[in-house]
Amino acid sequence: MKTAGTCPVEGCERAIPGRFNSFCAFHHFMIPAEYTRSLMRMKIECANTTDDDARAQLQERLPTYIRLAMSKLPQDRRASA
Ligand SMILES: [Zn+2]
């Protein structure tokens, strides 16, 4: 299990820049912007909402979105660090 703040891509040990990003800068720009934008919007909504249920729902959906975004990485680059 990786520590929080480390890129979730397999084999990548780079730090995640900024609390609203989900990937290191290197992988962030390999993933289509529509996915990284959706993830960032969810994280910002999560941080800003005062509704505990809404926050819990967003936190539940985040891992699914992160997996979806990672599936858009070019296959041959996924493991390279
Ligand atoms: Zn990475």
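This is a predicted model: local features need pLDDT of at least 70, side-chain atom pairs count only at pLDDT 80 or more; totals for chains, interfaces and linings use all residues.
Residues are numbered from 1 along each chain as its sequence is written. Local features need pLDDT of at least 70 and side-chain atom pairs count only at pLDDT 80 or more, while totals for chains, interfaces and linings use all residues.

Trainee: Which pattern does the protein chain follow along the sequence?
Mentor: Helices (H or I, at least four residues) and strands (E, at least two) are DSSP runs, numbered from the N terminus. The protein chain has 3 helices and 0 strands. Read along the sequence, the pattern is α-α-α.

Trainee: Is H2 roughly parallel or roughly antiparallel to H3?
Mentor: Axes are lines fitted to C-alpha atoms over the stretch in contact, and angles run from 0 to 180 degrees between N-to-C directions. Helix H2 (residues 33–48) and helix H3 (residues 52–70) pack at about 160°, with axes 10 Å apart. Angles under 35 degrees count as roughly parallel and those over 145 as roughly antiparallel, so H2 is to H3 roughly antiparallel.

Trainee: Is Arg-37 buried or exposed?
Mentor: Arg-37 belongs to helix H2. A residue is buried if 20 or more other C-beta atoms, placed from the backbone, lie within 10 Å of its own, exposed if 12 or fewer, and partly exposed in between. Because Arg-37 has 11 other C-beta atoms within 10 Å, the residue is exposed.

Trainee: What percentage of the 81 residues in the protein chain is buried?
Mentor: The C-alpha atoms fill a box of roughly 40 × 25 × 20 Å, taken along the principal axes. Within the protein chain of 81 residues, the buried share is 15%.

Definitions and conventions:
Angles under 35 degrees count as roughly parallel, over 145 as roughly antiparallel, 65 to 115 as roughly perpendicular and the rest as oblique.
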